[in-house]
Amino acid sequence: MSGTYDVVIIGGGMSGMMAAIALTDMGRKIAVVSRGDPVCCLSTGCIDVLANGNDPLEGIGSLPDNHPYHLVGKDAVKASLEMFKAVMSEEGGAYVGDAHANRRILTPLGRHKVTCLVPGTMEFADFHSDEYIHVISFNKMKDFYPNYITSNYKNAGCSIFDAGISTTIGIAERFENRQFLEGFISWLKGLDIPEGRIAIPAVLGMHFAVDVCNEISVELGRNVFEIPTLPPSMPGLRLFGALKNALLKRGVDLYWGKEIYSVEKSGSQIEAVTLAGAGRSARVQGNAFILATGSFVSGGLHASMDTARETVFDLPVYLPGKRKSWFNDDFFAPGHAIEKSGICVDQSFRPVDTEIDNLFVCGSILAFSEVMKYSCGHGIAIATGVAAANVCGEPV
Amino acid sequence: MEFDFQHCIRCTICVANCPVSRVNPEFPGPKQAGPDAERFRSDDETSIDKWIRLCNQCKRCEVACPYGVNPAEIILREQVRYGGKHFRPLASRVFANNYWLGAVSSVIAPVVNSLSPMKFIKRLLNVFGISTYLPFPRFHVHTLSRSWRWKGRRRSQKKVVFFYGCFLNYNRPDLGRNIRDFLASLGLRVIMPGQVCCGLPALGNGDIETARKFARKNARILAGYIDRGYDVIYSCTSCGLALTQDYPGILDVPDGKKVSENSYNLHEYVLKLMEEHYIEPVFESFHRKVAYHIPCHLRALGIGYPAAKLFEKIPGLETHILEDNCCGLSGSYGFKRSNEETAVKLGIIAGHAIKDVDPDMLVSDCGACRMQLAHFSGISAVDPSEILIKSLKRETQ
């Protein structure tokens, strides 16, 4: 039938989108169903692979045996990250970094955070604390305090530019305008900033921030980089926008903004999902399904007092005991046990303890991924998304 | 429809998707205007949020929200509450009744068409708060409501009611008649019964009573046909949104749910017929590169992009989907002087995105989008059904 997709991907986040790209590149016809924009929109846009040690790929070896990275394998993780970088370059939002080397970015609190691949605009964010840093902010911009950042460094200064608008998106919108950018550059030139690096909150345009950032760098003869902001986070939005664009270019059908209302099964096969709507709503039919709905924050898992359930197929969820064992006493200590919860899968990313055999699971909904503890959120999403796609796209 | 602002975790994804707050700092965005402000609102107190009217009801926030909050609907309810308590400007009153405006204009179409481009008329309209940066659409005497209402074999297995909407009726009756004939050529019995405005313009202009009056009448007519085995087909995506979401939702009219469950987008219906093997059409090639601007309300319908799926089957057709921009006109929103600046800024942004594709033609399901974007991109705009009809011309069943 004309309406049956090879694979229907549920969840339009990092993992689902990367799976969709991998599958369309294998010639498959794909639909992505998402109940809204993903939480990667709120992220820094940086790809954390594994924060422990200098080489995230080597670090995989020291993870517990049940960590989903082991299902993918070091080489395949690397290949999936390369694939991600290639897609982002195609979409004009090139990423820099090497899967074998962690690097640091500057946070709006003035501290460094460890990550792996970063948007081109943050290439120079990893600096030595002796270097001079000049932080730029914008008049009345919310949740960004340049003095807070500079107070961490001996050698730092700041200046405030009046963009005529104070919201992150409003300022980013203006940076798309040639005249505004030129005005900003000539203002910067007039500041007489000492030799060193220039840090600007991540508002350098909606789509072509890398170009804007490079232009400012060249005009000023200084290394310029962006500092990710609190949401709305432009680097996260650009990341989502670029991947969504890559999906549209590949002819992926998007079903956005509606929750899944019912699932049709026949024996061990899932046949279709129907989306919730005011009246009769779209029915999306597929030969195989990928579940990439994320963990608690994204709504893939839903916790009640003493249990948690998987929200689309009601798959069995691994839980680390009763509620009292879910959390550490120290809130800020890494590794709350609840983070281990999720869906257990076999080598082929099929959920265990179910009869369904045309369903594959990827991303942070996987049990034992502990993305906060290991700082591996986007890395797990990309690696398992591509890996699940490779399994499910294989000719039967 | 679920209606719970308390699910909002203030993540700002809606703000990132709001076209109005992107260009107009006066509007605080869907998060503040919707769930945030809702906590402080009470039916016992008069609505005072004047800026609530700046929302253009594109519903992009609702499509984007990952937590099931419907900011646009919260805002819409407040717009209605505000409209009920405050003086509504003349322009709002006029556009709420655009059905009657169209009815009168079409009767005296030659007069209206020759008057509307005149400078002093434009100045007069400006005085009344109506903006004139866009040329007004042309009106036609031979409207759809005055056209032949039946087509197709009486004994056809499938029967459909065509809900054509005001734009096709008054401004593009030729296209409406083509769609009617096209549906008949697919082996359907097509009926275009007497019908009124879907009610969305009245609702968007804060006049829920008028909207409900229209909706009640349509629902009664359509439900009568549905009971006799007809499916409802709409081609205007905003009419479709009213039929499927607002009739059983905010307007809450009798038979609203029945209408909602039995209404189909035109292209969605064609796909359905193909899936059921009711038709097995042969698509003729059409060698063009088109930019397909997805109307905000097509996104809000949550049915995917059915016309784009049909386009994939047309040999030679290269489709570029553009779904990130609102055209800015938003029905009658941009025709109000108070919103003109916002509408123009958004039109320019969306126009640039189209020009970047460098297409042979521009496609969009929504008449308002087409008017606005043809103006700002300088590229002629067509409805997706025009391409489909062209490609399936020799289709016989």
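In which sense do strand S8 (residues 361-363) of chain B and S9(B) pair, and over how many bridges? In this predicted model, the two strands pair in the parallel sense, and the pairing extends over 2 bridges. Within that pairing, Leu362(B) has Ala381(B) of S9(B) as its bridge partner.

These strands belong to an open sheet of 4 strands in chain B, whose order is S7-S6-S8-S9 and whose pairing is parallel. The edges of this sheet are formed by strand S7 (317-322) and strand S9 (381-382) of chain B, each of which pairs on one side only. Moving through the sheet, strand S6 (residues 288-293) of chain B is joined to S7(B) by 6 bridges, the two running parallel, and here Val290(B) has Thr319(B) in S7(B) as its bridge partner. S6(B) is also joined to S8(B), again in parallel, by 3 bridges, and Ala291(B) finds its bridge partner in Leu362(B) of S8(B).

On the H16(B) side the residues are Leu266(B), His267(B) and Val270(B), and they meet Pro384(B), Ser385(B) and Leu388(B) in H21(B). The residues of this contact divide into 4 nonpolar, 2 polar and no charged.

What does chain B present to chain A? The contact takes 41 residues from chain B and 37 residues from chain A, and between them the two chains bury about 3100 Å², 50% of it on carbon and sulfur atoms. Arg22(B), Glu275(B) and Lys309(B) supply 18% of the area that chain B buries against chain A, which is more than any other three residues supply. Across this interface there are 4 salt bridges, and 11 residue pairs are in polar contact, both residues being at pLDDT 80 or more. Several elements of chain B each supply at least two residues to the side that touches chain A, among them helix H14 (237-246), strand S5 (263-265), helix H16 (266-275) and helix H1 (13-17). H1(B) gives the most to that side, with 4 residues, and the residues of the side as a whole divide into 18 nonpolar, 11 polar and 12 charged. A salt bridge also forms between the side chains of Lys244(A) and Asp324(B), at 2.7 Å from N to O.

Over all chains, the count of salt bridges comes to 43. Within chain A, Arg238(A) forms a salt bridge with Glu226(A), the closest N and O atoms being 2.9 Å apart. This pair links distant parts of the chain, with Arg238(A) in helix H9 (residues 234-249) of chain A and Glu226(A) in strand S10 (residues 223-227) of chain A, 12 residues apart. The loop between S10 and H9 of chain A holds Pro232(A), and the peptide bond from Pro231(A) to Pro232(A) is cis, with omega near 0°.

Elsewhere in chain A, strand S12 (residues 260-266) and strand S13 (residues 269-275) run antiparallel and are joined by 6 bridges, with Ser262(A) standing opposite Thr274(A) in S13(A). The hairpin of S12(A) and S13(A) has 2 residues between the strands, and in it Gly267(A) takes a positive phi near 65°. In chain B, Arg10(B) has a positive phi of about 60° although it is not a glycine, and this residue is found in the segment before H1 of chain B. Most residues other than glycine have a negative phi, and most peptide bonds are trans.

Key. Residues numbered from 1 in each chain as written. Chains lettered and ligands numbered in written order. Predicted model: local features only at pLDDT ≥ 70, side-chain atom pairs only at ≥ 80, totals over all residues. Heavy atoms only, no water. Contact = heavy atoms within 4.5 Å. Buried area = accessible area lost by both parts, 1.4 Å probe. Polar contact = N/O pair within 3.5 Å; in protein donor to acceptor, adjacent residues only side chain to side chain. Nonpolar A, V, L, I, M, F, W, Y, C, P; charged D, E, K, R; others polar. Pairing = 2+ DSSP bridges.
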